[in-house]
Amino acid sequence: MSRPHKQSMSELKLRRLTEHNQRLREDLARPRMRVSEASASLIRYCKTTKDHLVPSVWGPVGKGEDPYAPPDKGCCIVM
């Protein structure tokens, strides 16, 4: 009577190990990038992309350029 229980437990463990093994294989197959390449890419992006939230680096932002500026008055129309 305890035999089927042990067999089902071992099958469950085998299935879990097989699924874990498959996830590890997928992780291994994922394309990799060297840290030096990733950091150089990040530095290049930060130097070339203007960030309106850091005016100390990029200078003051005009109202027309600032996506975070409050909207002008008169945005609502009552009919």
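A: Let us begin with a term: a polar contact is a pair of N or O atoms within 3.5 Å; within protein, one must be able to donate a hydrogen and the other to accept it, and residues adjacent in sequence count only if both atoms are side-chain atoms. Here, a polar side-chain atom of T48 lies 2.9 Å from the backbone oxygen of R44.

Q: On what basis are such values given?
A: This is a predicted model, in which local features need pLDDT of at least 70 and side-chain atom pairs count only at pLDDT 80 or more, while totals for chains, interfaces and linings use all residues. Residues are numbered from 1 along each chain as its sequence is written, and side-chain values use heavy atoms, with hydrogens and water left out.

Q: How many helices and strands does the protein chain have?
A: Helices (H or I, at least four residues) and strands (E, at least two) are DSSP runs, numbered from the N terminus. The protein chain has three helices and zero strands, in the order α-α-α from the N terminus on.

Q: Is T48 buried or exposed?
A: Buried means under 20% relative accessible area, exposed over 50%, and partly exposed in between (1.4 Å probe, protein chains only). T48, which lies in helix 2 (residues 35-48), counts as exposed because its relative accessibility is 60%. Of the 79 residues in the protein chain, 1% are buried.

Q: How many salt bridges are there?
A: Side chains of opposite charge can pair when their charged atoms come close. A salt bridge is a side-chain nitrogen of Lys or Arg within 4 Å of a carboxyl oxygen of Asp or Glu. The count by this rule is two. One joins R15 to E19, with the closest N and O atoms 3.5 Å apart; the other joins D27 to R30, at 3.0 Å.

Q: Where do R15 and E19 lie?
A: Both R15 and E19 belong to helix 1 (residues 2-29), four residues apart, about one turn of the helix. R15 is partly exposed, at 48% relative accessibility, and E19 is partly exposed at 39%.

Q: What of D27 and R30?
A: D27 counts as partly exposed because its relative accessible area is 31%. R30 is partly exposed at 45% relative accessibility.
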